[in-house]
Amino acid sequence: MIDNIIAAFRGDPAAKNIFEVLLYQGIHAIWLHRIAHFLWNLGLPFFPRLISQISRFLTGIEIHPGAKIGKYFFIDHGMGVVIGETAEIGDNVIIYHQVTLGGTGKEKGKRHPTVGNNVIIGAGAKVLGAIKIGNNCKIGADAVVIKDVPNNSTIVGDIGRIVSKKDKNQLLDFDQANLPDPIAKTFTRLIQRITKLEHKIRELEEKYEKNPDIQHTQR
């Protein structure tokens, strides 16, 4: 449980001292989940879900007692976070409010994501289905991810697109306001192309105006 406090200091620049961190609802939700998960593994049918529901009522964070969560896990802000029964989360993972690690339907068995180590999932992101998120990945705010993501990738967009890959631990290098935008880049390239074409057209028009007979000569 100490590892979650350490993770809070690593992941939240607003964390001033341990007394403040102990008030974080994300910390409370994780600790209650540890207890619920322990009882779940013992095969108890009622108390794990009771603890999970109490945690949801107190923190606004819903973690199924069956979910497997690694060390140094941190939920920042936390309200609206949902983590499904068969979700698996590695070490050194940070998730923000309104994140869902959910399923895609009513299938049985493994139906929730597996998240690797050193991953950050931005506010409002939806990671759905029995997919795998590799190590050292960043998922931007409000991204929707429904396919496997390789290691060292950055994902953005309502249909999650891989916009960069880097061979390094990116856990502390996550600026949600400045993630690459593939749509904006596409528009920029189109505008640049149109500008070049307009410039070329103007050159041709000036050429014909200076020599009106050039068109007949070329024919």
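**Reading helices, contacts and loops in a predicted model**

Colleague: What covers the buried residues of α1?

Modeller: The cover includes α2 (18–21), α3, β3 (74–76) and β6 (94–96). The buried residues of α1 (residues 2–11) are D3, N4, I5, A7, A8 and G11. Buried means under 20% relative accessible area; exposed is over 50%, and partly exposed lies in between (1.4 Å probe, protein chains only). Helices (H or I, at least four residues) and strands (E, at least two) are DSSP runs, numbered from the N terminus. Contact means heavy atoms within 4.5 Å.

Colleague: What should I know about the model itself?

Modeller: It is predicted: local features need pLDDT of at least 70, side-chain atom pairs count only at pLDDT 80 or more, and totals for chains, interfaces and linings use all residues. Residues are numbered from 1 along each chain as its sequence is written, and side-chain values use heavy atoms, leaving out hydrogens and water.

Colleague: How many helices and strands are in the protein chain?

Modeller: There are six helices and 15 strands. The chain has 219 residues, and 41% of them count as buried. It exposes about 12,800 Å², with 58% supplied by carbon and sulfur atoms. Those areas use the Shrake-Rupley method with a 1.4 Å probe; for residues, only the protein chains shown count as cover. Now take contacts between residues at least 6 apart in sequence: 36% join residues at least 24 apart.

Colleague: Back to α1. Which residues are in contact with G11, leaving aside its neighbours within four places in sequence?

Modeller: F74, D76, I94 and Y96. G11 sits in α1 and counts as buried because its relative accessibility is 12%. The C-alpha atoms of G11 and V93 are 9.4 Å apart, although 82 residues separate them along the chain.

Colleague: How do I read two packed helices?

Modeller: Two packed helices are described by the angle between their axes and the distance between the axes. Here, the axes of α3 (residues 25–41) and α4 (residues 47–59) come within 8 Å and cross at roughly 175 degrees. Each axis is a line fitted to C-alpha atoms, for helices over the stretch in contact, and angles run from 0 to 180 degrees between N-to-C directions. Angles under 35 degrees count as roughly parallel, over 145 as roughly antiparallel, 65 to 115 as roughly perpendicular, and the rest as oblique. So α3 and α4 are roughly antiparallel to each other.

Colleague: Which residues in α3 and α4 meet?

Modeller: From α3 come Q25, H28, A29, L32, I35, A36, L39 and W40; from α4 come F47, P48, R49, I51, S55 and T59. They divide into nine nonpolar, four polar and one charged. In this scheme Ala, Val, Leu, Ile, Met, Phe, Trp, Tyr, Cys and Pro are nonpolar, Asp, Glu, Lys and Arg are charged, and the others, Gly among them, are polar.

Colleague: How do I read phi in a loop?

Modeller: Most residues other than glycine have a negative phi. N118 has a positive phi of about 60 degrees. It lies in the loop between β8 (114–115) and β9 (120–121), and is buried at 13% relative accessible area. N136 also has a positive phi, near 60 degrees. Its loop runs between β11 (132–133) and β12 (138–139). N136 is buried, at 13%.

Colleague: Where does D91 lie?

Modeller: In the loop between β5 (88–89) and β6. D91 counts as partly exposed, at 30% relative accessibility. Leaving aside neighbours within four places in sequence, D91 is in contact with G70, K71, G116, N117 and N118. D91 and F73 are 18 residues apart in sequence and 6.4 Å apart in space, C-alpha to C-alpha.

Colleague: Which loop holds G157?

Modeller: The loop between β14 (153–156) and β15 (161–165). G157 counts as partly exposed, at 23% relative accessibility. Beyond its neighbours within four places in sequence, G157 is in contact with D142, A143 and V144.
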